[in-house]
Amino acid sequence: MNYFNTMERENTYRHILKWGDKREEEVGYHMADLIKAKFGLTDNDFREKYLPGLETVTLEKPSLLKPRQLEFLSDVCGSENILTDDLSRARYSCGKFYGELLDLRLKHVPDPPDAVVSPRSHDEVVKIIGFCNEEKIAIIPAGGQSSVTGALRAPHGGIALDLTKYLNRILKINSVNKTVTVEAGIFGPALEEELNRHGYSCGHFPQSFEYSTVGGWISARGAGQASTGYGKIEDMVVALKAVTPAGVIETRDFPRTAQGWDIFRLFAGAEGTLGVLTEATLHIFNHAPLNTTSAAFIFRSFGQAVEAMRTVMQSEYGKPHLFRISDPSETDVAFTTSGFDGTLADKVLQMLGFRRGNCCLMFVAVEGEKAYARFVLKKIKKTARAGKGMFIGSGPVRKWLAQRYSSAYMRDPLMDLGIMTDTLETAVTWENLMQVWQAAHDYVNRRPKAFLMIHISHVYENGANLYFTFLSPMERGNEQQDFIQFHRGLVDTIVENGGSISHHHGVGRALAPWMEGHLGKNSIDLMQAVKRHLDPNNIMNPGGTLGLK
Ligand SMILES: Cc1cc2nc3c(=O)[nH]c(=O)nc-3n(C[C@H](O)[C@H](O)[C@H](O)COP(=O)(O)OP(=O)(O)OC[C@H]3O[C@@H](n4cnc5c(N)ncnc54)[C@H](O)[C@@H]3O)c2cc1C
C-alpha cells in the first residue's frame, strides 16, 4: 500500500494524528531488530499497519452553535476564520496524548468543538470572550496542539480558539532590557530564527519545539532541553497580557517587585482555564553556539551517575545548560539503535566494567561566554571523574543535539506496529529519585513484554525530573481500556513513591484525577476560587482540566 499517496488525502484520521510535518517515518534497521526481539514481532508484523486511521473523518456530533452566534463570530473575525466542517472540528478536538491518538486510529472523536475560530487581533479575542461569556459558550485556547495531557478536548463543545493563524508576530525585541515581546501564537522556530538574526536565543527548546507556541509553553508550564541552564518557561516570563471573562489582565515588565503576588504566575500552568494569553514578554539570551562546549560520560551504574549529577548541581561553580542521564535501559537502546553493539569500542567498555544493563550515559553541554563555558565544563569533567565516570568525547552530544527533535516522529510507526508507546514525567527530590526510578521499573516489569526507559533531563540543586518512556504491545480489541489501566498504575506508582504529577507536560484531563489528592483540598479550593473570579461562567477550557470543576 502506498502510504505516501494516502497522506495526500488531508481528510483522514491519520492526517490529524501524525506528528509534525506528516512525513511517514520508517522504523530503522537496528530499531526493527530490537523491537522484534523485545516484543516477539516478526517481519509479517512490519508489512501491515495496525489501525492506520486511513478513513475519512466524519463526526457524529453536529455543531451546536446557533446561526446568530456564528453570525456574531463571523462579524468579529470574518467568515473565512470560522470553521465548522467535520475535519476542522476533529483536528481541534485533541492534542497528541496517546489516548487521543488511539481514539483517532479507532475513528473516534469524542469531544469536538462546535467551531474553530481564528481571531486576528487581541481586540477580537476580547470581543469573542465577552460574547461567549454572555452566551455561556466554552472556549478552548489552542496553540500548536502538542499537548500530551488531553488539555485540548472540548467535552462541553464550544469553540477552539486558534491563536496561531494571526496572533503570531514578534512585537518587540528590546536589546536594552534583553527581552522579547511576542503574540502568544508564535511557533518556536519563527521566534528563534528572528532572535538569532539579532544575536539572541529564546533558550526554550522542548522536544516539540517545531510545533508548539509561546502561549502553549507558558500555559502548560513547559521545560526545554536546556532548562538546567536557562530555567523553565515560568522563569523566562517577564510579563504577559491575558484576556479573561472578567476582563483584560496586563502585567508589567519590572525585573522583580514586592507588590503582593506576581499575578502573571497565575497564568503559567493555567492550561487555558483562566483566559487567553495574547502577548508575552520573555527574557532572551545571547546566541553564541560556537562557544558551546560539550562532553559525554559513561558510568558503571545509574546511582553513580546520579550522584555525580547531584554533585555538579550543588558545587556552585556554574551549571550546564543541557544535562542528561539515560538510565541503563535507555542507554542500552541508544547503543543498539546506533549500531554500537559488538564494535571494538563496545568490547573495550565491557572490559572496563561498563556492563550493558548497568552502565549509563551522561550528556553535558555548557553555553554562554567562551571562558565561562570552558571553565564549567572543566569542573564538570573533574566531578565526573571523581564520581567514577569516564569521558567518552563530545561526539555523542553533538550527534544528539543534531537530531534532538527527531525521536518525536517515532511514535507513529511504533503505533503502526500495534505497540503502545507513551511518556510520563515527574519532578523528584534527590532523596526520592532512586526510589521512584526503581518503583517505576518494578511496576512496568510486571507487565509481560512491557519495556521502560527513563532519563533525567531537567536538573536543579535539590532534585531533578524523571522522564519515562514506556512501550508494550497493545491489547488488541481492548486498546483504550488496557492503556488507561496501565497508565493509571504507573502514575499511582510515581506519586506514591514521592514524585510529582508532572514536571513539564502539565496536567490536562489525563492527570486531573490526581490533583486534589496530590495538592490537598485547600490548594484545589484556592485554585477553584481564582477560576471562579476570573471565569464565573466556567467557559474557559471547562470539563476537568487541572482537576477544576
Ligand atoms: C513529541 C512531543 C514532545 C514534547 N516535548 C516536550 C518537552 O520537551 N517539554 C515540554 O515542556 N513539553 C513537551 N511536550 C508537550 C507540549 O509540547 C508542551 O506542553 C507545549 O508547551 C504545548 O504548546 P502548544 O503550543 O502545542 O500548546 P497546546 O497543546 O495547543 O495547548 C496546551 C495547553 O495550553 C493552552 N493554551 C495554548 N495556548 C494558549 C494561550 N495562548 N492562552 C491560554 N491558553 C493556551 C491550551 O488550552 C492547552 O490547555 C511535548 C509534546 C510532544 C507531542
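Reply: The largest cavity is lined by F97, V148, T149, T423, L424, E425, H487, H505, A510 and L511. This is a predicted model, in which local features need pLDDT of at least 70, side-chain atom pairs count only at pLDDT 80 or more, and totals for chains, interfaces and linings use all residues. Residues are numbered from 1 along each chain as its sequence is written, and side-chain values use heavy atoms, with hydrogens and water left out.

Me: What makes a space a cavity, and which residues count as lining?

Reply: On a 1 Å grid over the protein atoms alone, a cavity is a set of points where a 1.4 Å probe fits but cannot get out, and lining residues have an atom within 4 Å of a point. By this rule there are four cavities of 30 Å³ or more. The largest cavity holds about 70 Å³, the volume being the space filled by probe spheres set on the points, with grid points joined across faces, edges and corners.

Me: Why is the largest cavity said to lie between domain 1 and domain 4?

Reply: Domain 1 (3–162) and domain 4 (408–503) both contribute lining residues, so the largest cavity lies between them. The domain bounds come from an automatic or database domain assignment. Strand β16 (residues 419–429) gives the largest share of this lining, three residues; strands are DSSP runs (E, at least two residues) and helices are too (H or I, at least four), numbered from the N terminus.

Me: What classes of residue line the largest cavity?

Reply: Five are nonpolar, four polar and one charged. Ala, Val, Leu, Ile, Met, Phe, Trp, Tyr, Cys and Pro count as nonpolar, Asp, Glu, Lys and Arg as charged, and the others, Gly among them, as polar. The second largest cavity, of about 50 Å³, has four nonpolar, two polar and four charged lining residues; D103 and R153 are among them.

Me: Why is helix α3 called oblique to helix α14?

Reply: The axes of α3 (residues 29–39) and α14 (residues 328–337) come within 8 Å and cross at roughly 130°. Angles under 35 degrees count as roughly parallel, over 145 as roughly antiparallel, 65 to 115 as roughly perpendicular and the rest as oblique, which makes α3 oblique to α14. H30, M31 and L34 of α3 meet V333, T336 and T337 of α14, contact meaning heavy atoms within 4.5 Å.

Me: How many residues of domain 1 and domain 2 are in contact?

Reply: 14 residues of domain 1 are in contact with 15 residues of domain 2, and the centres of these domains, taken over C-alpha atoms, are 25 Å apart.

Methods
1 Å grid on protein atoms, 1.4 Å probe; cavity = no way out; pocket = protein on both sides within 12 Å on 5 of 7 lines; lining within 4 Å. Axes fitted to C-alpha atoms, helices over the stretch in contact; angles between N-to-C directions.
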